[in-house]
Amino acid sequence: MSLLSNITHLIIDMDGVLYLGDQPMPRLGEFFAFLRQRPIPFILATNNSTRSPQEYVNKLKRMGVTVSADEILVSGQATARYLARQYPRGTRVHVFGMPALREAMTDEGFVLVDKDVELVVASMDREVNFEKLKQATLLIRSGARFIATNLDPTNPSEEGLIPGTGAMIVALEAASGVKATAIGKPEPTMYQLAMEMMGARPETTAALGDRADTDILGGKRAGLTTICVLSGSSNRAEAEAFEADLIFDDIAQLLDAWLQA
Ligand SMILES: [Mg+2]
């Protein structure tokens, strides 16, 4: 297991890796104790943009794990930081999504408005309705650049796979006739931003995730070692099809392998 012993930094997906819904994975606390003790600095990076970093801090706290907000990168933040490098402060943006995404955009100096906008930034909206779809569609049709935080069609939950951001995006793409530019995994952008946050290099950084077509593909595009766990979205055949470097049933099995590496 020399691949594991070479890893100094880790970028970890959350849903399906650390927990399913509100159910923590076995030995979650032990896994984080191991990372702290080594130490292996990490960023928890998720395509899910419906929660703020602080909400993830609180969620993990309830599971007995202490992390800080600056160890978390959500796709809404990644999208806002990426766009802030291309557009001046005060750029007018329409947001289709949850309050956490609105907050991420205003934190980077964007002005949220509903007309004469340069950008439409879209993500999961758990209160989606016809008026919201119509408004975003008309803005994209009148020339606003269409950005999506991510394109995951589904999210894992205790009840099974439920609609994800991608399900909203395809509706807007169909209505507007425009393909969205996506920022989240499998684009390498989130992984690159996470490495910047840690001062990490791709040769010694690993991407740990449960979804082969986002976490693993994105990790490969960013030049990272990739670790797929089978406790969430993807099965072994999918993990192998995307050529994950390492495959484990869950973080408990990964922990055992790492302790012996
Ligand atoms: Mg996941």
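Analyst: Beyond its neighbours within four places in sequence, Ala122 is in contact (C-beta atoms, placed from the backbone, within 7 Å) with Phe96, Gly97, Ala136, Ala148, Met168, Ile169, Leu172 and Ala180. The model is predicted, so local features need pLDDT of at least 70 and side-chain atom pairs count only at pLDDT 80 or more, whereas totals for chains, interfaces and linings use all residues. Residues are numbered from 1 along each chain as its sequence is written.

Ala122 is one of the residues with the most contacts inside the largest nonpolar core, alongside Ile11, Ile12, Leu44 and Val120, and this core has 75 residues. Such a core is a set of buried Ala, Val, Leu, Ile, Met, Phe, Trp, Tyr and Cys residues joined through C-beta atoms within 7 Å; buried means 20 or more other C-beta atoms within 10 Å, exposed 12 or fewer, and partly exposed in between. At least three residues of the core come from each of domain 1 (2-47 + 185-260) and domain 2 (76-182), with bounds from an automatic or database assignment.

Strands E1 (residues 9-12) and E4 (residues 42-46) run parallel and are joined by three bridges, where DSSP runs define strands (E, at least two residues) and helices (H or I, at least four), numbered from the N terminus, and pairing requires at least two bridges. The open sheet as a whole has six strands in the order E5-E4-E1-E13-E14-E15, paired in parallel. E5 (72-74) and E15 (246-248) form its edges, each with a single partner strand, so one side of each lacks a neighbour in the sheet. From one strand to the next the twist averages 20°. Helix H8 packs on this sheet, touching E1, E4, E5 and E13 (205-209), and its direction makes about 155° with that of E4; the axes are lines fitted to C-alpha atoms, for helices over the stretch in contact, with angles from 0 to 180 degrees between N-to-C directions.

H8 is also among the elements against which the buried residues of helix H4 pack, the others being E4, E5, H5 (99-107), E8 (119-122) and E9 (145-148). Eight of the ten residues of H4 (residues 75-84) are buried, so the helix is largely enclosed by the rest of the structure; Gly76, Ala80 and Leu83 are among them.

Between the domains, 14 residues of domain 1 are in contact with ten residues of domain 2. H8 (residues 189-198) supplies three residues, the largest share of the domain 1 side.

Key:
Two residues are in contact if their C-beta atoms, placed from the backbone, lie within 7 Å.
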